[in-house]
Each structure stands twice: as structure tokens, then as C-alpha cells.
Amino acid sequence: MSRRATLIVSFLAVVALACAPLLFSSFTISLFNYIGIYALVAIGLALLTGVAGIVSFGQAAFVGVAAYATAWLSALNGYSPWLGLLLAIILTCAVAAALGAATLRLEGHFLSLSTLAWGLAIGFLFGNVEGLGNFSGISNIPPIRIGGHALMKSEEIYYLVLLMVVLSLVAMYNLLDSRWGRALRALRGGNVLVESLGVNAFQTKLAAFVIAAFLAALSGWLYAHMSRFVSPASFDAAMGIEYLMMAMVGGQGSLIGGVVGASIITFLKNAIQDYLPLISPNAAGQLEVVAFAAIFIVFLQYARRGVVPFIAARLPNARPTAPAPAAALDLRAQPATGAPLLKVDQAMRRFGGLIAVNAVSFDVRAGEIVGLIGPNGAGKSTMFNLLTGALQLDGGEIEFSGLPISRAPQRAIARAGIARTFQHVKLRPRMSVLDNVLLGAHGRLQSGIVRGMLRLERSEEARARAEAMRQLERTGLAEHAFDVAGSLPLGKQRLVEIARALAADPTLLVLDEPAAGLRRNEKMELATLLRELRADRLTVLLVEHDMEFVMSLVDRIVVMDFGSKISEGLPAEVRADPRVQEAYLGGVA
Ligand code: ADP
Ligand code: MG
């Protein structure tokens, strides 16, 4: 759907929901309230699990921390629920930040298991603290008051729930569409790519984690003051799994899917609880589990990616319009042509017993195109990974623009002005070509999370989009801007990587086998592009296998074999070097 159509449909949906109390019974409205409260958690999970790929079983614990915080402050200590909201948010986010800092460096399954572990632990804690009412919980929680009026009836708190869900959705949609959201969407598929673009992957994950916990805190606060009672059972690990199920059923990574999933699961549960006792009055509890499992299997069979993506794929697809021209982003000051730019001194890297890079030294001056060549396994990619910080040196020094970068993290090197492509293309195949290129500009933009949520970064975003579009034109990809990156042929994907690197406004462009897998005419186009870049005073270091391609293009060549540098010089000199002929041509020449 087009943006306009989406806005109209959303607006109508909100109006319809606002009229719901006029049409439905109090019971139904209170069901809606529960859906809204669950949806807040599921929206957070859509962001955390669906978008960023961090599976958390522990969200129920965050809901619990918030619910208990506000219950303790308002019911046991007599303070206003609004103060309870403040405490709930601060405490929940602090707990999330601490847990996230401790666990988010874990990989995949270990991370998920750890969320299950603290989900259980926190749930257990509520039941065993004297001051929190042990397993019987805290009752007599006061209702929320607005201007002296207590929100006692379900029709009253309904509007507060609706407001919070709508505001959360808007903020999260804005966020996903911002610089930070792009980085978040790119997290799936590993840290190497995002870090090479100047993104702090750990911080991005931690922020997503805290945001999801923040939404869980809103949910817990509403829950406590709506049900007026909290007990450990509402926040146990089973509930944590149910939240995850809501997010999955609604749609992997779809925010509105969180609402849809919460609705489906809640209505289903309700229906099952209503009808199962009619079938079997005694075993209803066990049958509930069976019925739920059966429905879940059907879901996995037919709509694995979730309900919302399933429907969205069947709606007409509006093509986005090209970004409007906007002022250019600020450019880096480029070094004077011929100035020393990169200095690699005795670089060493071992993999176990294998010395992949053995005391290699070479320089690159500003404005040159330097080729790094050598047979397969010579250590060229490893050398690139060392100088971009993707791998750590075991010895030696690397200096870039006068800065020592031997121990700098990848993102710092990226921000210092080295942009790279990968031998095995690393794009985010499900993001658009434009979004992939925009990722390259991450380090040139400033807007943070809050500006993104409030959509205050639109002018910067417009400049970034215009810049990405310019790089797409430069690389001949403009017509593919809105294609899904994974749908392009390999040659074009390599060009997208170059466009993405260019969007960073680099000083040094490092290309690992850019011509691999390209057809002859594509290679010639690439060579033309690289010459144009040199004319624009960009410095290029490229690894290439195709001798002819390198010879005709580069100013200077460095040759590696078995981890060591065996030759260096002008193309003609290198070509005439017997050591090179022996190594490179395997003694054929
Ligand atoms: P090139 O790019 O010149 O073909 P590489 O730098 O990829 O060569 O590899 C150099 C040597 O290091 C090869 O023998 C390769 O098997 C080894 N190597 C590269 N990366 C790793 C790694 N992550 N772990 C172990 N060995 C590696
Ligand atoms: Mg390689």
C-alpha cells in the first residue's frame, strides 16, 4: 500500500477503535484492554526479535518488574500511580540495561537461553520476597487517576491503553524508518558488516533491548492498575513464551503484527476456555494446551512468517517515489594527492599454525589506485581484514592518515575514512538497494534514537537519501533503488557494495575482488567507474584475481604469496618479475 493509503487506513482503524466502547459490552472492552496491554509487549518483541533477531523469552519478567514497582509504590506506600509509572520505567529500563550489558555479547541460542534463565529467576524472585507479598502478590492497587477522576471502569482505562498503543506504534514505525532503525534492521546477518559501516552493533542491540523493556514497562504499569492486583503467576516464563508467540503469529518483524498477534492469541485463548469445557468438562486444562499446540502447528504450516506479512504480500504494492533532491551531506577534507595515506608495517596474522600474513609492509599514497594481487590463499583478504579492523593484528603496525589504527575497532576505522567491500558480498538481501546504500552513510549522520522516534531528523534523512541516490546514479544503479537487494544479479550486488562504500565519503576505498563473477562488459564498466573515482581524487586499494583487469587499471601493484610480500612496483615491473611469474602463474610462464 502507498504511504497515503496506509495513513488513511490507520486513521480509520483508530477512529473505529475509539468508538468501540459504544458498541461492545464491558466484558469485550476489558478483553480489548488486555489485548492492548499484551500488544505493547509484543510490539517491543517485534522490534527486538523480529527485526534485530534477538529472541527473548524474558519479556514477561520486565512486565513484572514494572507491575511490581508501581504496585509497591502505590498500594504499599500510598504514592500516586503516576509516580509509579516513573519508577516502573526507570527500574525496568535499568534492569534491562544491566541484563543486556551482561548477556547481549552472547551469541544466538546462548543469548535466548539466558533470557529464559533470568525470566525464570525474576519470576521466582517476586514470589519469595516478603515485602512483595510472596506468592499471593499485592492487592488493593489503586486505579490510575486523571484530574481527580479514577479510571475504574474498563471503558475508561480503555482510552489510556489505546493511546499508549497508538503512540508506541507511531514512535516505533518512525524509529524503524530512521538512521538508527536501519542499523537495527541490518543487525541480522552478523556484526562484521554493520561494524564496517561505523555502527556500534552492541550499543544498537542494547538500545533495542531497553526500548523493548520500556514498552514492557508501560504494559506492566497498565496491567497493575487495571487488574488492581499483581501476583508472580502473571509474569512467569510461560507468559514470556506467550508474548513471543504473539509477536511470531502477528508477523516476524512487523510492528502492527504485534497488535494482530496479541489479538489472535487472546481471542483464541478466550474462545478455547469458553468452548473446551463443553466438550470435556474435566480435562479442559489439558485440552487447552493441546488445542493451542494444534493451532500453532497449523500456523507454522501456512503462515510461518506471520499473519501481517502474509496479508501484506497479497495487497497491491505501491512503488515508492524517488527521494527529492536535497542539500549534500558535508564532505570530508581529502588529503593532498601524493600525501602518505596508508602505511602497513610488518603486519602479521596467524590462524593457528598457519601464518596468513607474514611481515607484510607497503604504503598507499593519496590519489593512487594500488592493486594487491597473488594466488588464492596468499593472504590478501586477511590483509584487508587487518587494515579495516575486521581481524586483529598479531604483530606490526598500521597507520592511516597519520593515525595508528592497529588496535582500533572496525567502526572507528570506518569512521576515520576507510570504506570497504567484501569478497563474499555482504548486503542485507531483504532491504532495498537504497536502504543498503543509506547504511553506508550511517557514520556521516548524527540523529539519534529520540529524534528518530519523533521524526525530527527528516531534513538530515532527506540529505542522506539524496546522497545515497547520487551514489546509485554514479554506479549506474539508480533504476534499482527500490528493488530488494537480494533480487539483483551478483555483478550488480557488487556495485551496490561500492555505492554503499562511496556513501560513507571515504578517503580510502578498499575493494576485495570487485570483478569476481562479473561478465566481460561488466568488468569494463567497473574499470571505467574506478577510473572516474580516481579522477575524483579517491584513493583505491583493490584485491583482484584478473591480471589483465589489474594491469590496465592500477598505478602500482603489491604481490603476495603464502602470506608474504614477494614483489612491488609498477604493473610492467611486476609483470616482468620472475618471482611473480613463478608464484602467480604457478611456474607456467
Ligand atoms: P586470499 O584472499 O589471498 O585468497 P585469504 O586471506 O582469504 O587469502 O587466506 C589466506 C590463508 O588464511 C588461507 O590459507 C586461508 O585458508 C587462511 N584463512 C583465512 N581466513 C581464515 C580464518 N578465519 N581461519 C583460519 N584460516 C583462515
Ligand atoms: Mg580473498
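In the chain, 75% of the contacts with a separation of 6 or more are made by residues 24 or more positions apart, where contact means heavy atoms within 4.5 Å. The model is predicted: local features need pLDDT of at least 70, side-chain atom pairs count only at pLDDT 80 or more, and totals for chains, interfaces and linings use all residues. Residues are numbered from 1 along each chain as its sequence is written, chains are lettered from A and ligands numbered from 1 in the order in which they are written, and side-chain values use heavy atoms, with hydrogens and water left out.

The C-alpha trace spans about 90 × 50 × 50 Å along its principal axes. The secondary structure consists of 23 helices and 12 strands; these are DSSP runs numbered from the N terminus, with helices (H or I) of at least four residues and strands (E) of at least two. Of the 589 residues, 53% count as buried. Buried means under 20% relative accessible area, exposed over 50%, and partly exposed in between, for a 1.4 Å probe and protein chains only.

The interior may be described through its nonpolar cores, each a set of buried Ala, Val, Leu, Ile, Met, Phe, Trp, Tyr and Cys residues joined through side-chain atoms within 4.5 Å. The largest nonpolar core has 105 residues, and Met172, Leu184, Leu222, Val230 and Tyr243 touch the most other members. Helix α9 (residues 201-227) gives the most to this core, namely 18 residues. Residues up to four places away in sequence aside, Leu184 touches Leu47, Val51, Ala52, Leu176, Thr204 and Ala208. A second, separate core comprises 52 residues, including Leu502, Leu509, Val550 and Tyr584.

Two packed helices are described by the angle between their axes and the distance between the axes. Helix α10 (residues 237-250) and helix α11 (residues 255-279) pack at an angle of about 115 degrees, with axes 7 Å apart. Here axes are lines fitted to C-alpha atoms, for helices over the stretch in contact, and angles run from 0 to 180 degrees between N-to-C directions. From α10, Glu242, Met245, Met246, Val249 and Gly250 meet a set of α11 residues that includes Gly257, Gly261, Ala262 and Lys269.

Ser231 lies in the loop between α9 and α10. This serine counts as buried because its relative accessibility is 10%. Beyond its neighbours within four places in sequence, Ser231 is in contact with Tyr68, Phe135, Ser136 and Gly137.

Trp82, in helix α4 (residues 81-103), is partly exposed, with a relative accessible area of 35%. Its contacts, leaving aside neighbours within four places in sequence, are with Ile144, Arg145, Ile146 and Trp221. Trp82 and Arg145 are 63 residues apart in sequence, and their C-alpha atoms are 8.3 Å apart.

The magnesium ion (ligand 2) has Ser381 (OG) and Gln423 (OE1) as its protein donors, lying 2.1 Å from it. Donors are N, O and S atoms within 2.8 Å of the metal (3.2 Å for Na, K and Ca), and water is not among the atoms, so sites may look incomplete. Ser381 belongs to helix α14 (residues 380-387), while Gln423, 42 residues away, lies in the loop between β8 (418-420) and α16 (433-440). Gln423 is partly exposed, at 25% relative accessible area.

Gly517 is located in the loop between β9 (508-512) and α20 (520-535). It counts as exposed because its relative accessibility is 62%. The C-alpha atoms of Gly517 and Leu490 are separated by 7.1 Å, although the two residues are 27 apart along the chain.
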